Amino acid sequence: MNDQIAIPCVVMRGGTSRGPFFLARDLPADPRSRDAVLLSVMGGGHDLGIDGIGGGNAVINKVAIVGPATVPGADVDYLFAQVRVREGIVDTSPNCGNMLAAVGPFAIEAGLVAASCDRTDIRIHNVNTGKLIDATVATPGGRVTYEGEARIDGVPGTAAPIELSFPNAAGARTGRLLPTGRAVDCIDGIDVTCIDAAMPVMLVHAADLGCTGREAPSDFADAGFRARLEGLRIEAGRLMGFPNAATMVIPKPVLIAPAGTAALNTRYFMPHDCHSALAVTGAVAIATACLTPGTIAARMVGPLAPPVPITLAHPSGQLVVRLEPGPVARVQRTARRIFEGHVFARRSHVPQAVLAA
């Protein structure tokens with residue numbers, strides 16, 4: 001058709017995130033070549049991703065790469081990539097639980113998993129963390145359905161429910177629930193909790209940074225606040241075993257505060273912009289902290305034990321994480337298939353070795 005490289009692609013909403021889904025076989029296996037293709041596709045080098053299908057917010061600069069399972073017991077592999085279009089960086093250090101919600105439907109419709117009648121259970125191997133996650137997708141008559149009555153805050157309308165279960169989420173990246181060995185660390189005079197359950201996060205009492213925990217995402221534009229939060233995050237990353245946290249999106253900083261109708265008010269950063277809702281993996285980490293003795297979160301909510309629902313308030317509403325013995329964390333999400341076709345990468349952005357393959 002033209003002098004660009006056409007790549008099969010499906011754009012899906014998963015939870016409160018959105019981005020392109022690729023079959024692993026359609027992208028270069030070499031990580032550097034793959035990342036070059038993704039930056040070209042998403043419009044790296046521009047705040048708005050104007051030369052690609054990315055956008056001006058981290059929740060729509062996400063990529064899912066799905067393929068056959070490479071570990072025993074799993075049905076599919078899922079590699080998540082956070083594309084930082086402004087800096088031209090592809091970060092595969094974290095997982096994304098919202099995009100994860102769309103992996104099951106995508107895998108079924110791509111022919112990677114056979115659908116059952118009524119509902120299909122899929123075990124997903126998250127390549128980023130090595131963890132296994134279970135997804136249950138509505139498949140009446142053996143076909144994926146997206147219409148339904150489930151509602152999640154941060155997404156308009158209703159859709160078919162997708163149940164996600166995170167067994168043994170502790171130590172997703174560090175191998176330890178409390179990577180520093182402590183429930184609380186003091187950084188620059190501020191008490192923080194560094195915890196790794198589905199996602200490494202740094203929890204901070206909002207009041208300690210002069211916040212309420214009820215702010216709108218746009219209220220965090222102050223350069224001084226952002227610099228202080230980033231300084232805390234980078235040092236927390238070092239303590240957690242990430243010496244180059246400044247170049248990574250983990251750990252994620254989270255402001256928490258007591259709430260009336262929920263366990264906690266939360267403001268989750270990705271890591272520099274405040275999420276308009278709440279990341280699923282971040283929610284699992286926060287909820288797990290509520291049950292971990294001595295953490296900042298546990299001090300706020302008081303003694304809890306599983307099975308228990310943990311309701312977390314965020315800028316768009318609430319998200320409920322149900323913690324059960326095992327341990328297992330369960331979250332309900334929805335997804336929607338939005339577009340399918342080909343996305344184009346610029347030949348000038350793609351390594352010659354890829355073009356020659």
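**Before you start**

The model is predicted: local features need pLDDT of at least 70, side-chain atom pairs count only at pLDDT 80 or more, and totals for chains, interfaces and linings use all residues. Numbering runs from 1 along each chain as its sequence is written, and side-chain values use heavy atoms, with hydrogens and water left out.

**Stop 1: the two domains**

Select 4–168 together with 334–354; this is domain 1. The bounds come from an automatic or database domain assignment. Over C-alpha atoms, the two centres are 25 Å apart. Domain 1 brings 17 residues to the contact and domain 2 brings 21. Contact here means heavy atoms within 4.5 Å.

**Stop 2: the interface**

Show the surface between the domains. About 1500 Å² is buried there, and carbon and sulfur atoms give 59% of that area. Buried area is the accessible area (1.4 Å probe) that two parts lose on being put together, summed over both. Now select Arg84, Asp153 and Phe166. These three supply 29% of the area that domain 1 buries against domain 2, more than any other three residues.

Next, look for pairs across the boundary. The number of salt bridges between domain 1 and domain 2 is zero (a side-chain nitrogen of Lys or Arg within 4 Å of a carboxyl oxygen of Asp or Glu). Four residue pairs, both residues at pLDDT 80 or more, are in polar contact across the interface. A polar contact is a pair of N or O atoms within 3.5 Å; within protein, one must be able to donate a hydrogen and the other to accept it, and residues adjacent in sequence count only if both atoms are side-chain atoms.

On the domain 1 side, highlight β4 (76–84) and α2 (97–100), the elements that give two or more residues to the face touching domain 2. Helices (H or I, at least four residues) and strands (E, at least two) are DSSP runs, numbered from the N terminus. That face of domain 1 holds five nonpolar, eight polar and four charged residues. Ala, Val, Leu, Ile, Met, Phe, Trp, Tyr, Cys and Pro count as nonpolar, Asp, Glu, Lys and Arg as charged, and the others, Gly among them, as polar.

**Stop 3: helix α5**

Select 280–290. Eleven of the eleven residues of α5 are buried, so the helix is largely enclosed by the rest of the structure. Buried means under 20% relative accessible area, exposed over 50%, partly exposed in between (1.4 Å probe, protein chains only). Among the buried residues are Val280, Ile286 and Cys290.

**Stop 4: Gly88**

Go to the loop between β4 and β5 (89–91), where Gly88 lies. Gly88 is partly exposed, at 30% relative accessibility. Beyond its neighbours within four places in sequence, Gly88 contacts Leu39 and Gly45.

**Stop 5: two cis peptide bonds**

Zoom in on Pro306 and Pro307. Their peptide bond is cis, with omega near 5°. Pro307 sits in the loop between α6 (296–301) and β14 (308–314). Then move to Gly326 and Pro327, also joined by a cis peptide bond, with omega about -5°. Pro327 is in the loop between β15 (317–324) and β16 (328–333).

**Stop 6: positive phi**

Finish with two aspartates. Asp118, in strand β6 (residues 118–126), has phi near 85°. Asp118 is exposed, at 52% relative accessibility. Asp188, in the loop between β9 (185–187) and β10 (190–197), has a positive phi of about 50°. Asp188 is exposed, with a relative accessible area of 62%.
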